[in-house]
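Hi,

Here is the model we talked about passing on. Have a look at it first, and then read my notes below.

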Amino acid sequence: MTAAPAQAMTVAATVRAMRRAGAAGQPVPADEVAAWARTFMIQLYGPQKPARLECRPKHSAEPWMQAEDGDVVRARRRGLDIRALYLHPKAEKPTKAHRFRDGNCRDCGDGEFYAGPNCEPPTPTRDSRAALPFDPTWFRAPLEALIQIATHRFIGVPDSMKWKSEARYLLERLDQYDEETK
């Protein structure tokens, strides 16, 4: 599968990764399973303190009893199993629901079998042309040439009237833009 990311994964992303690994049917490295377990422990229980600590003798079926501070600190010496009980976090409502068609989500592409609760489409790739410099005044000369062509009627009368009016409108908009940006 993939290596663990540098930043902490969310519970939903971890579950989605687990479902994808299960759908692939390949063995999952132990390091990745440990990372999943670590993510669950940190994300679900890390920020909160245990609501209650309980103990009982190791390897016994006795009921769990309320643990004292000393029991927790010296659990190994006293031969005790300790468990921490947490208040479970509330389940969050999905921010965006999946839209499935033919077994796959139309937005994120996840299969219905392993899709998590939130639809997280991949970020769109940035258009490299957007970084190029652009100046609206570059359109002035071609628009004036179009008006000249339409005036001399090298094209049909209805087309020349249409292109002339549209080119004039665009030139007026360019003039307004120039006035607003100055």
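A residue counts as exposed here when its relative accessible area is over 50%, and as buried when that value is under 20%. Keep those two cut-offs in mind for what follows. Also bear in mind that this is a predicted model.

His 59 is not a glycine, yet its phi is positive, at about 60°. You'll find His 59 in the loop between S1 and S2. Is His 59 buried or exposed? Its relative accessibility is 79%, so His 59 counts as exposed.

There is another one further along the chain. Asp 102 has a positive phi near 55°, again in a residue other than glycine. Asp 102 sits in the loop between strand S4 (100–101) and strand S5 (104–105). With a relative accessible area of 76%, Asp 102 is exposed, because the cut-off is over 50%.

Now the overall layout. The protein chain has 6 helices and 5 strands, and from the N terminus on they run α-α-β-β-α-α-β-β-β-α-α. Of the chain's 182 residues, 20% count as buried. The accessible surface of the chain comes to about 14200 Å², and carbon and sulfur atoms hold 56% of that. If you look at contacts with a separation of 6 or more, 46% of them are between residues 24 or more positions apart.

On to the sheet. Three strands form an open sheet in the order S2-S1-S3, with antiparallel pairing. The edges are strand S2 (65–66) and strand S3 (80–85), each of which pairs on one side only. Strand S1 (residues 52–57) and S3 run antiparallel and are joined by 6 bridges.

As background, nonpolar side chains tend to be buried together in soluble globular proteins.

Leaving out neighbours within four places in sequence, Ala 167 is in contact with Leu 143, Leu 146 and Ile 147. Leu 171, which is in helix H6, touches Arg 140, Leu 143, Glu 144 and Ile 147, with residues up to four places away in sequence not counted. At a relative accessible area of 12%, Leu 171 falls under the 20% limit and is therefore buried. Leu 171 also lies 8.4 Å from Phe 139, C-alpha to C-alpha, although 32 residues separate the pair in sequence.

Last, something on the outside. Ile 149, Phe 154, Ile 155 and Trp 163 form a nonpolar patch on the surface, and together they have about 390 Å² of accessible area. Phe 154 lies in the loop between H5 and H6. Its relative accessible area is 64%, so Phe 154 is exposed. Leu 171 is buried at 12%, while Phe 154 is exposed at 64%.

Cheers

Definitions and conventions: Residues are numbered from 1 along each chain as its sequence is written. This is a predicted model: local features need pLDDT of at least 70, side-chain atom pairs count only at pLDDT 80 or more; totals for chains, interfaces and linings use all residues. Side-chain values use heavy atoms; hydrogens and water are left out. Contact means heavy atoms within 4.5 Å. Two strands pair if DSSP finds at least two bridges between them. Helices (H or I, at least four residues) and strands (E, at least two) are DSSP runs, numbered from the N terminus. Buried means under 20% relative accessible area, exposed over 50%, partly exposed in between (1.4 Å probe, protein chains only). Accessible areas come from the Shrake-Rupley method with a 1.4 Å probe; for residues, only the protein chains shown count as cover. Patches are made of residues with over 30% relative accessible area and no salt bridge: like charges are joined within 9 Å, nonpolar side chains (Val, Leu, Ile, Met, Phe, Trp, Tyr) within 5 Å. A salt bridge is a side-chain nitrogen of Lys or Arg within 4 Å of a carboxyl oxygen of Asp or Glu.
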